[in-house]
2 protein chains.
Amino acid sequence: MKKLINAPAGVLTDSLRGVQAAHPELRVDTEHRVIYRGEPTRAGKVALVSGGGSGHEPMHGGFVGLGMLDAAAAGEVFTSPTPDQVLEATKGADSGAGVLHIVKNYTGDVLNFEMAAELAAAEGIRVESVVVADDVAVQDSTWTAGRRGTGTTVILEKVVGAAAEEGADLDAVAALARQVSASGRSMGIALTSCTVPAAGKPTFDLPDDQMEVGVGIHGEPGRERVPLASAHDIARMLVDPILADFDAAGPAIVLLSGLGGTPLIELYLMYGEVAALLTEAGIDVRRCLVGDYITSLDMAGCSLTVVKADDELIRLWDAPVVTPGLRWGA
Amino acid sequence: MKKLINAPAGVLTDSLRGVQAAHPELRVDTEHRVIYRGEPTRAGKVALVSGGGSGHEPMHGGFVGLGMLDAAAAGEVFTSPTPDQVLEATKGADSGAGVLHIVKNYTGDVLNFEMAAELAAAEGIRVESVVVADDVAVQDSTWTAGRRGTGTTVILEKVVGAAAEEGADLDAVAALARQVSASGRSMGIALTSCTVPAAGKPTFDLPDDQMEVGVGIHGEPGRERVPLASAHDIARMLVDPILADFDAAGPAIVLLSGLGGTPLIELYLMYGEVAALLTEAGIDVRRCLVGDYITSLDMAGCSLTVVKADDELIRLWDAPVVTPGLRWGA
């Protein structure tokens with residue numbers, strides 16, 4: 001294992017310390033492993049809280065800031081944050097206007113966010129939740145009942161964050177979050193495994209001439225292993241299952257995310273192939289992101305996310321955002 | 001070789017096509033392999049033109065846009081752009097107010113930019129040049145006389161781009177560029193080699209228990225190979241040679257760039273270690289960037305850049321920038 005780390009057990013804490021050093025505008029609680037905006041949530045603003053296992057950076061901590069999240073709870077690598085962590089983040093972020101929990105559909109995350117929501121409710125905080133389950137690769141999986149939650153989460157946090165910033169109330173924020181969640185589909189492929197620091201070796205073996213189609217963001221098996229293909233053919237493997245799953249024609253926001261170990265020159269090349277297929281299918285890509293936004297440690301590969309987007313969603317997408325991972329317009 | 005590509009020979013063209021698809025606000029000339037802003041350079045504004053071998057993305061094409069470059073010429077992977085490409089970019093970007101060439105110190109780049117500058121001068125375009133040679137790892141190297149040019153280039157393009165945007169004339173822009181160039185130092189380490197698509201195999205062999213200290217951004221050998229070290233010890237290997245090379249105490253802009261294959265969780269962890277040492281050395285990190293800004297294909301590792309910065313440089317750093325790779329304030 002070759003990584004820029006100290007002891008494997010300290011990776012999360014050490015990394016959070018670096019986040020705090022690099023981003024004095026954020027407040028990092030290294031004890032509870034929660035990243036907050038520097039200023040308390042403004043009175044009357046619904047707070048957005050997300051979180052999950054670490055290893056997917058910049059998700060979620062890198063999306064804390066104006067126009068996106070108010071707090072993110074960071075679990076150990078590929079491990080759900082505890083109910084206590086999520087409760088802490090919920091209490092710390094609430095301004096009195098209520099809190100939206102944004103949860104990726106993994107069994108541990110769903111249970112722990114539910115428990116935290118109940119504990120918060122007992123303390124008088126109103127919590128709504130949205131569970132993202134957008135990965136079309138597999139029904140059920142190693143860590144989920146139902147579909148896994150992936151890239152739609154990034155777009156949801158941006159769009160819903162903008163609505164909360166504009167003053168939408170908790171019901172409206174939650175309704176919008178469910179709309180975005182229902183409007184997104186994702187599909188990923190891996191060329192290599194990732195290596196969890198505490199494990200010290202690759203999560204799975206993938207021969208030099210094979211790739212994993214439909215891989216999960218923790219290296220969970222996908223649909224099949226196939227011979228290593230060209231970018232042109234891989235684009236079809238990403239786009240076709242999404243098109244088969246819903247009617248994607250019309251305006252959309254698209255994310256092509258690297259998984260952590262794939263350089264930008266390859267991601268742009270893949271995006272060129274993907275964009276041609278999306279256009280051919282009648283998808284009008286109104287906005288897109290190409291880069292590392294939801295990753296799987298050092299895995300080589302990429303995931304494609306398509307979110308159907310009306311003019312209102314595009315407007316919210318374009319609204320100002322100031323976070324370590326996404327920043328524009330302010 | 002596992003990469004998201006089609007034919008190795010088509011990587012650059014295919015990737016540029018993806019850049020155009022993802023960034024309709026830019027104009028990509030795939031014939032000459034030059035990336036321009038969407039709009040011609042505004043009358044009276046000095047144009048900034050850079051370029052170099054591909055494989056270092058987002059540098060340079062990802063830094064074209066408001067507040068940074070006007071054009072970037074993209075050579076083949078790890079290969080200098082031709083004089084014709086640079087001349088094309090220079091002519092395409094000039095508004096009549098002159099052009100600054102920003103050149104990283106590699107023999108081919110320096111020669112080809114010089115030739116392009118002469119050809120442009122013959123056509124009546126005034127060109128000034130700045131050569132960045134900030135890498136303290138080695139004097140002379142595989143591809144350079146003198147030091148290699150690395151991360152200071154990113155900071156220079158941002159700061160000098162802001163000055164050009166504000167209307168500084170060619171002499172002032174060139175003088176500022178030389179000031180920034182002289183104020184920056186860089187040092188990098190690699191945990192793995194990179195793989196050039198046309199070569200199909202790693203550029204060098206690095207045993208599982210070793211790292212390369214002072215590596216160049218094309219995989220050129222550095223100072224030494226040492227046993228794989230902790231992030232804490234690696235931070236010293238990055239910071240000490242920079243401190244030994246110049247008096248860095250005082251305010252600074254700092255870049256910790258990944259080399260393409262290292263995930264953000266590790267880069268932030270490294271930044272935490274580096275920041276502690278910089279502070280200890282009396283460096284006041286006024287601004288920092290952590291992420292992939294100047295890369296070496298899929299190499300695992302990182303490079304540290306420290307640029308001494310007075311209030312005026314910080315002001316220019318904070319000025320609006322709208323490019324694929326850096327974006328804020330507008």
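Start by selecting A:Glu76 and A:Arg33: the two form a salt bridge, with their closest N and O atoms 2.4 Å apart. (A salt bridge here is a side-chain nitrogen of Lys or Arg within 4 Å of a carboxyl oxygen of Asp or Glu.) A:Glu76 sits in strand 4 (residues 71–77) of chain A and A:Arg33 in the loop between strand 1 (26–29) and strand 2 (34–37), so the pair ties together parts that are 43 residues apart in sequence. Helices (H or I, at least four residues) and strands (E, at least two) are DSSP runs, numbered from the N terminus.

Before you click on, a word about what is on screen: this is a predicted model, where local features need pLDDT of at least 70 and side-chain atom pairs count only at pLDDT 80 or more, while totals for chains, interfaces and linings use all residues. Residues are numbered from 1 along each chain as its sequence is written, chains are lettered from A and ligands numbered from 1 in the order in which they are written, and side-chain values use heavy atoms, with hydrogens and water left out.

(Buried means under 20% relative accessible area, exposed over 50%, partly exposed in between, using a 1.4 Å probe and protein chains only.)

**Along chain A**

Next, pick A:Asp318 and A:Arg287, another salt bridge, with 2.6 Å between the closest N and O atoms. A:Asp318 belongs to helix 8 (residues 311–318) and A:Arg287 to strand 11 (residues 283–291) of chain A, so this pair links parts 31 residues apart in sequence. A:Asp318 is partly exposed at 35%, and A:Arg287 is partly exposed at 27%. Now select A:Arg37, A:Arg42, A:Lys45, A:Asp70 and A:Glu165 together: salt bridges that share partners join them into one network.

Then find A:Arg147, in the loop between strand 6 (127–132) and helix 4 (152–165) of chain A. A:Arg147 counts as buried, at 18% relative accessibility. Its side chain meets that of A:Asp245 in a polar contact of 2.5 Å. (A polar contact is a pair of N or O atoms within 3.5 Å; within protein, one must be able to donate a hydrogen and the other to accept it, and residues adjacent in sequence count only if both atoms are side-chain atoms.)

**Where the chains meet**

Bring chain B into view. Together the chains bury about 4,200 Å², 66% of it on carbon and sulfur atoms. (Buried area is the accessible area, with a 1.4 Å probe, that two parts lose on being put together, summed over both.) Highlight B:Lys2, B:Leu4 and B:Ile265, which supply 22% of the area that chain B buries against chain A, more than any other three residues.

The rule finds 2 salt bridges across this interface. For your last stop, zoom in on A:Glu266 and B:Lys3, whose side chains meet in a salt bridge of 3.7 Å, N to O.
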